[in-house]
Amino acid sequence: MARDTSEHPTRQYLLDNRRTEAGRRFTALSELFDPSTFRHVEAVGIAPGWRCWEVGAGGPAVPARLAEHVGPSGYVLATDIDTSWMRDATGFEVLRHDVASEEPPVGGPFDLVHARLVLVHLPDRARALRTMIEALRPGGWLLLEDADPELQPLICPEEYGPEQERANRLRRGFRELLRRRGADLAHGRRLPRLLREAGLSDVEADAYFPITSPACAVLEEATVLQVREELVAAGLATDEDVERHLEDVVAGRLDLATSPMVSAWGRRPS
């Protein structure tokens, strides 16, 4: 079920969903972080009949699982500025929507609003946060999850050889590209304070990141392939650097980590 009620163009994020590598990134991110996300979703009490808004869904994995929790008596809306990876979605509604520039979508008020890896990339994070809070029913929960690359900036936490040094150098280049696109690389740690300052109650937070996993290698290969041209054009890496790093990733010679994923949640006062 897909609707498109807007005419705005897809914003030029560094990790554009229109690239073919995006699908592999979505799959890897789901494998890495869905267990942590749904630990929090279940902790806030999701139940049959709840109405949920998944903001910046990207792919179908999270909204589909939310739909399983709320059942046929509930409702799940998945929005993004690019909904192309959710064209065949079933069990939830899809809407093209820009949380940073548009009013809350129809379908609310919501019992749960969730966004993962969304605010960190947005130019108007404050407006997006207000929009999500406005969409909550009194007593509804907001769950925000964002990476914080400044807390743990290395993709190879143990840098013991040239392969690990090269991997971390490329990761520094990737972070620089994100910074140039306006990403706040320390946004994750700000989430608890932002929720409190927005007036939410019962605010808590934690953080999670894997040190090594097959999904980390899939995510790294897809990410580097997606930003390869930008890295080289900006003088942040050479083609040889990128090629050798990709060979190391595919060969399993690296223990790859991710940035910490900070999860923060709070309730709109009744």
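**Close-ups of charged side chains**

**View 1. E103 sits out in the exposed class, with a relative accessibility of 57%.** For accessibility, buried is under 20% relative accessible area, exposed is over 50%, and partly exposed falls in between (1.4 Å probe, protein chains only). What you're looking at is a predicted model, where local features need pLDDT of at least 70 and side-chain atom pairs count only at pLDDT 80 or more, while totals for chains, interfaces and linings use all residues. Residues are numbered from 1 along each chain as its sequence is written, and side-chain values use heavy atoms, with hydrogens and water left out. R127 comes in at 26%, so it is partly exposed. E103 and R127 make a salt bridge, with 3.8 Å between the closest N and O atoms. R127 belongs to helix α3 (residues 125-134) and E103 to the loop between β4 (93-96) and β5 (110-116), so their pairing ties together parts 24 residues apart in sequence. A salt bridge here is a side-chain nitrogen of Lys or Arg within 4 Å of a carboxyl oxygen of Asp or Glu; helices (H or I, at least four residues) and strands (E, at least two) are DSSP runs, numbered from the N terminus.

**View 2. R193 and E197 pair up within helix α5 (residues 191-197).** They're four residues apart, about one helical turn, and their closest N and O atoms are 3.2 Å apart in a salt bridge. R193 is partly exposed at 35%, whereas E197 is exposed at 56%.

**View 3. D239 reaches R228 through a salt bridge, closest N and O atoms 3.6 Å apart.** D239 is in helix α7 (residues 239-251) and R228 in helix α6 (residues 214-233), so this one ties together parts 11 residues apart in sequence.

**View 4. E54, in strand β2 (residues 51-55), is buried without a salt bridge.** The nearest side chain of opposite charge is R116, 6.1 Å away (Lys and Arg count as positive, Asp and Glu as negative; His and the chain ends aren't counted). What E54 does have is a side-chain polar contact with the side chain of H114, at 2.7 Å. A polar contact is a pair of N or O atoms within 3.5 Å; within protein, one must be able to donate a hydrogen and the other to accept it, and residues adjacent in sequence count only if both atoms are side-chain atoms.
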